[in-house]
Amino acid sequence: MSVKTGLRVVVTGATGNVGTSVMRALAGDSRIASVLGLARRVPDLDISRTSWAAVDLAREDAGERLVRHLEGADAVIHLAWRFQPTHSPATTWQTNVLGSLRLFDAVAAAQVPALVHASSVGAYTPGPKTGPGVDESWPTHGWPEAAYCREKSYLERALDAFELRQSSTRVVRMRPAFMFKETSASEQRRIFAGKFLPGPLIRPGLLPFVPDIDGLRFQALHTDDAAQAYLSAVLLDARGAFNLAAEPVVDARTLGDLLKAKVVRVPRQAAHAVVSAAWGLRAVPASPQLFDALLRMPVMSTARAREELDWEPRHSAKAALEEFLRGVRKGSGERTAPLVGHRAH
């Protein structure tokens, strides 16, 4: 594949977990001439060769502003995503689906040569938890009960139609596993565990046990490693979908080792009932439907990304989780609205 230089790149959702890593990866590469980060709120971050602009994709009038920001861009990396409120899927649909459709239309109107879209392992139809892992041809119908999976799957179909209409735009779909880094810890704790989980409790030796639930086997990677794959997708003439994950596959024993906790078998129905009750009481923001989806997501093969993007994660999945757990205990974050930290005392 040929490598491009002197590129102008626009990134949506530039202030979140993935966005901050992608912005730094782009700005740190001499082949990228300039980067424009779009977010609902402009952050207090100083990154070389980077500028910022405020755009809310959920607004019906966002389309014209997007076209202006995208004119002259060589590539757009679309990361913008809203996880909450999980009790109001119509609200997340406004940003995640309708906002993405506005962005796709703006890419076409501005005639941007390349669109790199953040899909997810959550877009995949339930599949095997063992073996070599599914490749990018595995169906992307998601788990229909979970809003996150429905939205990711819907956008896969929207991109199918976009590619038919806009054949001059090179489309890349990244399908990463769960991404972690230390400075995303406060955001991810708020998104999935809520404000009632004390960060210092997530310390090796303090938790009484880790539940071993049928299907609790998932992949992870360090967010900075994912960012390098996004960079390669911009620089190379890559097209299509790419799975991203690091070794090893994470299960209850892995979590037990990290937390120095016993592994106790828990029936899936019992675990679902606990999550459902906590979500219903608004004690945790992660929905029971998303929990069910996690237990069904397939293990992915990353052979295509390694071969065609020349991508190799620098961190193991276990190292990424260790860094994230350290961040949870410390209340780590960054100077962006999504990632703002809450330091433990």
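Tutor: Angles under 35 degrees count as roughly parallel, and those over 145 as roughly antiparallel. Keep that in mind for this predicted model.

Student: What is the angle between helix α3 and helix α4, and how far apart are their axes?

Tutor: Helix α3 covers residues 89-109 and helix α4 covers residues 147-165. They pack at about 15°, with axes 11 Å apart.

Student: Why is α3 called roughly parallel to α4?

Tutor: The cut-off is under 35 degrees. The angle is about 15°, so α3 is roughly parallel to α4.

Student: Which hand does the crossing of α3 and α4 have?

Tutor: The crossing is right-handed.

Student: Which residues make the contact?

Tutor: From α3, they include Trp93, Val97, Leu101 and Phe104. From α4, they include Tyr154, Leu155, Leu159 and Phe162. Charged side chains take part too: Asp105 of α3 and Arg150, Glu151 and Arg165 of α4 are among the contact residues.

Student: How do the residues of this contact divide into nonpolar, polar and charged?

Tutor: There are 13 nonpolar, three polar and four charged.

Student: Now the whole chain. How many helices and strands does the chain have?

Tutor: The chain has 11 helices and 12 strands.

Student: What makes the chain as compact as a globular protein of that length?

Tutor: Its radius of gyration is 19 Å. The globule rule gives 20 Å for 345 residues. The two values are close, so the chain is as compact as a globular protein of that length.

Student: What share of the residues is buried?

Tutor: Buried means under 20% relative accessible area. Of the 345 residues, 54% are buried.

Technical notes:
Residues numbered from 1 in each chain as written. Predicted model: local features only at pLDDT ≥ 70, side-chain atom pairs only at ≥ 80, totals over all residues. Heavy atoms only, no water. Axes fitted to C-alpha atoms, helices over the stretch in contact; angles between N-to-C directions. Helix = DSSP H or I, 4+ residues; strand = E, 2+ residues; numbered from the N terminus. Parallel < 35°, antiparallel > 145°, perpendicular 65-115°, else oblique. Left-handed = near helix turned anticlockwise from the far one by under 90°. Contact = heavy atoms within 4.5 Å. Rg over C-alpha atoms; globule rule 2.2 N^0.38 Å. Buried < 20%, exposed > 50% of the residue type's maximum accessible area, 1.4 Å probe, protein only.
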